[in-house]
Amino acid sequence: MRDAVMSALSTVNDPELHRDLVSLGMIERAEVEGGHARIKVNLTTPACPLKGQIEREVREAVLNVPGVSAVSVEFGATVRPAAQPALPGVKHVILVGSGKGGVGKSSVAVNLAASLAADGAQVGLLDADVYGPSVAHMLGQGAAKITANAERKMLPLEAYGFRFLSMANLSPAGQALVWRGPMLHSAIQQFLKDAAWGQLDYLVVDLPPGTGDVQLSLTQNVQVTGAVIVTTPQDVALIDAARAIDMFRKASVPVLGVVENMSYFVAPDTGHSYDIFGRGGSRKLGDYPLLGEVPLETGVREDADQGRPAVLAHPDSAAGTALRGVARNLAGQISVRALHQELASLPEQLTVV
């Protein structure tokens with residue numbers, strides 16, 4: 001009976017990886033007792049965007065096995081690491097960038113981290129926007145101070161189930177940092193390599209706007225999984241977003257997708273949708289995955305000012321739903337890339353089935 005169940009499961013493909021669950025090693029357990037099949041599927045990320053589809057197709061396939069009358073499906077998750085992990089214990093480093101300020105990049109980064117952590121991943125968030133660090137405020141931790149452990153490594157702060165570091169927690173509030181390139185490079189190196197991040201599935205890095213010293217320091221010294229571009233739909237923002245994409249291309253950093261922030265506005269009194277900054281403009285940036293269109297909502301701003309991520313404070317709002325979708329789509333893109341790297345590293349004479 002178990003062999004028949006496994007045979008049925010081999011007909012179910014992961015919708016993103018386009019291979020069956022059995023050959024991918026994603027079936028952790030398959031037991032049958034008294035006509036009741038119990039299946040445990042080990043996903044490639046706890047933030048799998050198509051978890052519901054996988055569960056439905058697993059149930060349908062196993063119920064077609066003669067003698068099976070009921071199916072229980074349980075999920076686990078193990079994030080596949082990059083071919084060359086960036087840091088000890090860190091599987092993936094994800095850069096969140098934009099060509100210009102004012103497009104909501106930091107807000108997207110905070111909500112990405114919060115959403116991935118809420119789905120069960122081990123997440124860190126590095127606020128690399130050293131001239132204008134806002135992550136600590138968005139997490140309600142502006143007054144907290146960073147300490148060190150016995151090994152003199154910085155201990156990341158914690159909020160909403162993930163770890164974070166920000167220059168805002170090292171310098172006095174309101175004090176301007178007047179630093180040149182070498183000092184920025186040193187600060188980024190310390191945040192990355194002199195911090196006790198521990199075991200992380202994802203380290204999300206909120207970059208400063210533009211294409212300057214911080215971006216160069218990161219892309220030249222850390223093995224980055226990929227970058228996310230945040231933009232609004234208007235042409236002025238897209239021009240600068242294209243420059244950011246070109247920078248990542250020259251640095252050999254894959255662009256994992258684009259987030260169109262402030263994509264539209266729905267009037268709360270009439271329900272009418274307005275394209276304040278245009279809509280769909282992010283598609284002009286090229287053939288990159290559109291991770292999501294996030295509407296302009298007052299609640300997102302209010303949540304950020306009050307130190308809480310919108311995906312947790314208002315998960316069922318249009319913006320909260322869109323931001324959770326962005327995080328899950330991003331996790332899916334990373335899983336596909338990690339699998340392709342894994343398969344490419346196999347010996348040529350080994351037949352992959």
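Guide: What follows looks at the sheet and the helices on it, and then turns to the nonpolar cores. The model is a predicted one, and the part you ask about is an open sheet of 3 strands, arranged in the order β1-β2-β3 with mixed pairing. Its edges are formed by β1, covering residues 27–33, and β3, covering residues 70–77, each of which pairs on one side only. On average, and with direction ignored, neighbouring strands of this sheet are turned by 10° against each other. Strand β2, which spans residues 36–43, runs parallel to β3 and is joined to β3 by 8 bridges; within this pairing, Val 41 has Phe 75 of β3 as its bridge partner. Helix α1, made of residues 2–9, packs on the sheet, where α1 touches β1 and β2, and the direction of α1 makes about 135° with that of β1. Helix α2, residues 51–63, lies across β2 and β3 instead, and runs at about 145° to β3.

As for the nonpolar cores, the largest has 84 residues, and among these Leu 125 and Leu 203 touch the most other members. If neighbours within four places in sequence are left aside, the residues in contact with Leu 203 include Leu 87, Val 90, Ile 94, Leu 126, Leu 192 and Trp 197, together with Leu 125 itself. There is also a second, separate core of 26 residues, whose members include Met 6, Leu 24, Cys 48 and Leu 339.

Methods
Residues numbered from 1 in each chain as written. Predicted model: local features only at pLDDT ≥ 70, side-chain atom pairs only at ≥ 80, totals over all residues. Heavy atoms only, no water. Core = buried A, V, L, I, M, F, W, Y, C linked by side-chain atoms within 4.5 Å. Buried < 20%, exposed > 50% of the residue type's maximum accessible area, 1.4 Å probe, protein only. Contact = heavy atoms within 4.5 Å. Pairing = 2+ DSSP bridges. Helix = DSSP H or I, 4+ residues; strand = E, 2+ residues; numbered from the N terminus. Axes fitted to C-alpha atoms, helices over the stretch in contact; angles between N-to-C directions.
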